[in-house]
Amino acid sequence: MKLHRITALIVRHLYLYRRSLPRIMEIFYWPFLDLVIWGFITLYLARYQSQVPGFVTFFLGALILWDMLFRSQQGITISFLEELWARNLMNLFASPLKPSEFLAATMAMSVMKVTVVSIVMAGCALLFYSYNILIVGVWLMPFVLNLVITGWVIGVFTTSLIMRFGQEAEVLAWSMVFLFQPISCVFYPMEVLPEWLQMIAWANPAAHIFEGMRTVLGEGAPPIGDLAWAVCLNGTLLVGVVAWFYRTVAYCKDQGLLVRVGE
Amino acid sequence: MTPPVLKASNLTKRFGNFTAVNGVSFEIRPGEILGLLGPNGAGKTTTIQMLLGLVTPTAGSIHMFGLDLSTHREEILQQVNFSSTYISMPQSLTVEENLWVVARLYGVSNIARRVNDIVKKLEMEEFCGKITRKLSSGQMTRLTLAKAFLTEPRILFLDEPTASLDPDIADKIRSLLKEERRSSALSILYTSHNMREMEEMSDRIIFLQRGRIVAEGTAQEIIDRFGKADLEEVFLKFAREQEQSSS
């Protein structure tokens, strides 16, 4: 991998954000709106917190962490869509850029987006609801890192589908992650799922992170088991989707789809 | 005899039952301009896309600088670039920003000087700070040409490079291409539907019809072989033959 090719793509996206209000809003506006709406719903529901201890803590923490996963996925998929919309894929894939460098650049963009969104959401939560995300403690960082990687897994998978099926599949960029939300057990414990769905949820690393968060906040116990599952699943799935991405690129080159994907 | 910088052997591309390119072989020597001619659907674009590594050949091989494209993609594409009327560049970036990104992508050294040089060479100073979306089609063509020259390639693939340029700029571009070829032994694969331009620019011409090479030689050799008055008449002959065979 060559660093200059990765930075070229990052710089290209930073140029884009520099003068695009809608793109900047995408980073600030939606997370802010999410937090305001769900934050007030949480405060309302908190009246019943005698039945669900630590409700506010669970819910707002989960909301912020879920948005990190969402933005991580978007960082990958939207960066690809930007190239698609600009009809720039041909320029990129006819250059010495490798698929691994392309992915590395989109992952770097994803980390930048997650960082900005996290700061915005954590700041707003503190300001509006006196909620401090750091209450999760030292486990926050491994949780976030794992959620970012889960976001990459979903992002690379979605990108491969859009590359394979063309622009009409671009709706997946926004909808795919929500397919994972019910089995990520963001706002409820895994045990509330039907047994057959619990088995599917177990294969989802995000579910272990949210379970882990509840373990830390509810019992104050270290979520070692949950984290171990998340790390193993993330590692396996990331290798799998990157291999899938390479296969998709090869398939698209064979079928001549790479030059037609933006049409 | 100097070895070819590009050697395509028995290049074939099939999409299902349709054969877009069928056993095409050719070479380009250092400093040579090879014209690729043929009616729409003859296989020119697919050939160029295979040479750029965007489409994988069904059969055959591509060697550039003595290296196999299928195994040395990165080293080869570092020394190759292309421009086409049909490509675009990121629309929300300025012309200068786009050139900087391309320069970084190819690891060009001293980017500021190189971008400045190319902007001057292609007379792009007046729209250098403009957002790409706001460029006229002629300015856009000059940007894609600048992108191609910026990386100082050894082989350039130009797909109708002067299609949307006014005659004055088109003439300057042709002069620039000839100058680059002379000064740096730049090899060029050139397509155009302007037959006078093809005669002027090309050292040799390859005619494609239904994915096959049907004629090869200098413009004059091809004209003489088919007993026509000029290259345009030869082109019309092949285009109508292809049209008849498809209907």
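Predicted model: local features only at pLDDT ≥ 70, side-chain atom pairs only at ≥ 80, totals over all residues.
Me: Let's begin with strands. How do I read a sheet, and which strand order does the open one in chain B have?

Reply: Look for strands that pair side by side, then list them in order. Here an open sheet of four strands runs β2-β1-β4-β5 in chain B, and the pairing is antiparallel. The edges are β2 (18–28) and β5 (67–68) of chain B, each of which pairs on one side only.

Me: How many bridges join β1 to β2 in chain B?

Reply: Seven bridges link strand β1 (residues 6–15) of chain B to β2(B), and the two run antiparallel. You can follow the pairing residue by residue: B:K13 is opposite B:V21 in β2(B), and B:R14 is opposite B:T19 in β2(B). The two strands make a hairpin with two residues between them. In that turn, B:G16 has a positive phi of about 65 degrees.

Me: Which helix lies across those strands?

Reply: That's helix α1 (residues 44–51) of chain B, lying across β1, β2 and β4 (59–64) of chain B. Its direction is about 120 degrees from that of β1(B).

Me: Now a strand in another part of chain B. How do I tell what is on each face of β9(B)?

Reply: Start with the general idea: side chains in a regular strand alternate between the two faces of the sheet. In β9(B), one side has B:R204, B:I206 and B:L208, while the other has B:I205, B:F207 and B:Q209. Both faces are covered, and these residues are all buried.

Me: Why is β9(B) called largely enclosed?

Reply: Because six of the six residues of β9(B) are buried, the strand is largely enclosed by the rest of the structure.

Me: And which strands pair with β9(B)?

Reply: Strand β3 (residues 33–37) of chain B pairs with β9(B) in the parallel sense, over four bridges. There, B:L37 is opposite B:F207 in β9(B). Strand β10 (residues 212–217) of chain B pairs with β9(B) in the antiparallel sense, over five bridges. B:I206 has B:E216 as its bridge partner in β10(B). β9(B) and β10(B) also form a hairpin with two residues between them, and B:R210 in the turn has a positive phi of about 50 degrees.

Me: Which residues form an aromatic cluster in chain A?

Reply: A:F32, A:F40, A:F128 and A:Y129 form one cluster.

Me: What about a charge over a ring: where does the charged end of A:R164 sit?

Reply: Look for a charged end placed over a ring face. The charged end of A:R164 is over the ring of A:F165, 4.6 Å from its centre. In chain B, B:K147 lies over the face of B:F82, at 3.6 Å from the ring centre.

Me: Is A:Q74 buried or exposed?

Reply: Relative accessible area tells you. A:Q74 is in helix α3 (residues 55–85) of chain A and is buried, with a relative accessible area of 1%. Leaving aside neighbours within four places in sequence, A:Q74 is in contact with residues including A:E26, A:K113 and A:W174.

Me: What does A:E83 contact?

Reply: A:E83 is in helix α3 of chain A too, and counts as buried at 0% relative accessibility. Beyond neighbours within four places in sequence, its contacts include A:L9, A:R12, A:H13 and A:F102. A:E83 and A:R12 are 71 residues apart along the chain, yet 10 Å separates their C-alpha atoms.

How values were computed. Residues numbered from 1 in each chain as written. Chains lettered and ligands numbered in written order. Heavy atoms only, no water. Pairing = 2+ DSSP bridges. Contact = heavy atoms within 4.5 Å. Axes fitted to C-alpha atoms, helices over the stretch in contact; angles between N-to-C directions. Phe/Tyr/Trp six-rings, centres within 6.5 Å; stacked < 30°, edge-to-face > 60°. Lys NZ or Arg CZ within 6 Å of the ring centre and 35° of its normal. Buried < 20%, exposed > 50% of the residue type's maximum accessible area, 1.4 Å probe, protein only.
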